[in-house]
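I opened this entry to write down what I looked up, item by item. The questions come before the answers.

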Amino acid sequence: MKVKSVPAVLKHLASNLRKMLFLAWQMDNRVTIGYYLTAGVGALAPLATSLTLKYLIDNLLVHQTPSITNSIPFIIVIVLAARYLVVMGTDLVQWGLNGVYFDYLFRYKLQNELNRRFYQKLAHLDIAYFEDPGTQNLIAKAKDTLTWRPPDFLRHFSYSLGSFIAYLSAFIVLMPFGWWIPVVITLTTLPRLFLRARYGTVQWSIYGSGAPQVRKLWYFMWLLSTDTAIREMRIFQSQDTLLARFKNIQDYIFNLNKKPLDNYLRILTFPEILEVVVLFVIAFSQLPAVLSGILTIGSFTLLVNMIDQLNGNAVGFVINFGEMYEHNLYVDHYFEVLGLPKIIKEVKNPVVFKKFSPPKIEFKNVYFCYPKGPMVLKDISFVINPGEKIALIGSNGAGKSTIIKLICRFYDVTKGEILINGKNIKRLKLSNWYKFMGTLFQDFVQYHFTARENITLGDPTKKDEGLIKEAAIKSGAYEFIEKLPKGFDQVLGREFEKGEELSIGQWQKLAIARAFYEEAPLLVLDEPTSAIDAEAEYEIFNNLQKTYKDKTLILVSHRFSTVRNANKIFVVEDGQVTERGSHQELLNLNGKYARMFKLQAKGYR
Ligand SMILES: Nc1ncnc2c1ncn2[C@@H]1O[C@H](COP(=O)(O)OP(=O)(O)OP(=O)(O)O)[C@@H](O)[C@H]1O
Ligand SMILES: [Mg+2]
């Protein structure tokens, strides 16, 4: 395994440390200062207690009398009292203020801030990233570790800082005993530093290399706990097979992490033996000075304490630095997600449509392929005039949903252009363009909120009770909402307590109500009624024809009963529009459409 050079490691760490500290500072500068300041002051606690102990011992020895209890000199009482005052004071700062109070504030505020920034970024991330496995992996890794790795990175920085201050103070106190003492002790801790750095790298790269497996593990966890999957597994009796695969992945990841850990533990013994031997020899070398009276007993106690403190904190620094180094590699994932660049870029001074009316949409020789994929749309041209009702029909995988995604500009065309009111879609201000669109995707969302919220989320900027009811009536959702125990205030889904579950068709009606509520001049529906019964569907489309009389409607459907009412029907086959016209025109053409229509109609006879 390649180990990065020490300067490179330090540079990398310093860069992330700067970013994290800046983030903490922006989050709450007072808490950040409080946290690090108390850590720094607390680090001086052992020195303060050791010093008072030295004075106590030296004074006891100087004032030694046969009957010590009869006349305890004033000075000893003062030193003794001072020692406990110091202990109390430092305890208060180190444990009370730093370890409990600021630690709590700092950690939880930081976690909240990290989460907020993360989900804010995801909310504005290009849709293309969510359909890309590489980015999915990165997001999954960052999400899994962001609540503890980055905060712990900063906590270990605080521990490192404390160790460093304690180390430095011991170093200075030991100098008068012989400058070589702190230097030699420091040198003996270096092997540990190297091992820790190496171990950290190994762990991280395993996480990195095991990432696809880690994601698979999560997928299995999801699968093995989802009601629909469990139902299916029960009947197909596939649970044992799936559980066995689950265990295989677990074992694989465990072993990846276990081997380097074993090695690390084995080699770690040697530096530890070295350190203990060196400490003993140094303490031992000072004994003659004590016996000959050059060194007071108090000073010798201080020496031994400070040797321990120097070594302990050098090691502590190394360990905490190592922890920081390890967390640092995960902090990378976090900032990598936060730094994902925009794929769909808006131009400077984008076009903003002021008139809120149905737009004209034009595809001009559009070609499109998904990143790293084959050509999915090939030379597509069509015009949708304001107010037209358009239906897209075609086999699975023909490219219908892809056309919708391009109208939403989730992706940019590979070749050709899309014009909205004569302007290239790349020049539009997207937030303005989306105001014109009401869209319902094939995989629409079931919000486990109230029925009302499920509708108003179509346009969170308005609150219009009349409109909510109207949208619900038109979509056919009103009938079942009315019967819910709490009506429009009923929480839906099983996610929360007292939630009422709906049927798929009912969820779909609610989603259509959401689209109705937005009252956008362009409504795009990708198979909106696949789960809705024939009668209700007839109603919905009747309402659509009435409500959307002057508005544009683009509809993807496999049902000819729905499609036949469109002004224009586009037959999409293998990424191309092969036939176009009204229902009657296409029947007369006697091509693919006519064939499909007759096939479906035959089924109903
Ligand atoms: N995110 C994606 N990345 C790569 N390829 C994709 C992606 N989404 C769709 N495809 C591919 O693009 C082609 C067209 O898919 P699309 O979803 O547009 O079909 P569709 O006509 O809507 O089909 P259906 O009727 O099943 O909804 C398919 O071959 C599919 O495999
Ligand atoms: Mg589709």
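**Ligand surroundings**

I sorted the shell around ligand 1 by class and got three nonpolar, eight polar and two charged residues. The model is a predicted one. I then asked how many residues surround ligand 1, and which are the closest. The shell holds 13 residues, and the closest are Glu131, Tyr370, Asn396, Ser401 and Thr402. I also looked up where the largest share of the shell comes from. Helix 15, residues 400-407, supplies that share with three residues.

**Helix 6 against helix 14**

For a pair of packed helices I need the angle between the axes and the distance between them. I took helix 6 (residues 133-145) and helix 14 (residues 297-338); their axes come within 9 Å and cross at roughly 120 degrees. I file helix 6 as oblique to helix 14 because of that angle, since the roughly perpendicular range stops at 115 degrees and roughly antiparallel starts over 145. I noted the crossing of the two helices as left-handed.

Which residues make the contact? From helix 6 I listed Leu138, Ile139, Lys141, Ala142 and Thr145. From helix 14 I listed Tyr330, His333, Tyr334, Glu336 and Val337. By class, this contact has six nonpolar, two polar and two charged residues.

**Gly162**

I found Gly162 in helix 7, which spans residues 149-174. Is Gly162 buried or exposed? I count 25 other C-beta atoms within 10 Å of Gly162, so it is buried; the cut-off for buried is 20 or more. Leaving out residues up to four places away in sequence, Gly162 touches Ala39, Gly40, Gly42 and Ala43. I also checked Gly162 against Glu479: the two are 317 residues apart in sequence, and their C-alpha atoms are 66 Å apart in space.

I looked at Lys498, which is not a glycine and yet has a positive phi of about 65 degrees. Lys498 sits in the loop between helix 19 (478-483) and helix 20 (504-518). I put Lys498 down as exposed because it has 8 C-beta neighbours inside 10 Å, and 12 or fewer counts as exposed.

Glu519 is not a glycine either, and its phi is positive at about 55 degrees. I placed Glu519 in the loop between helix 20 and strand 7 (522-526).

Technical notes:
Residues are numbered from 1 along each chain as its sequence is written. Chains are lettered from A and ligands numbered from 1 in the order in which they are written. This is a predicted model: local features need pLDDT of at least 70, side-chain atom pairs count only at pLDDT 80 or more; totals for chains, interfaces and linings use all residues. A residue is near a molecule or strand if its C-beta atom, placed from the backbone, lies within 6 Å of it. Helices (H or I, at least four residues) and strands (E, at least two) are DSSP runs, numbered from the N terminus. Ala, Val, Leu, Ile, Met, Phe, Trp, Tyr, Cys and Pro count as nonpolar, Asp, Glu, Lys and Arg as charged, and the others, Gly among them, as polar. Axes are lines fitted to C-alpha atoms, for helices over the stretch in contact, and angles run from 0 to 180 degrees between N-to-C directions. Angles under 35 degrees count as roughly parallel, over 145 as roughly antiparallel, 65 to 115 as roughly perpendicular and the rest as oblique. A crossing is left-handed if the near helix is turned anticlockwise from the far one by less than a right angle, and right-handed if clockwise. Two residues are in contact if their C-beta atoms, placed from the backbone, lie within 7 Å.
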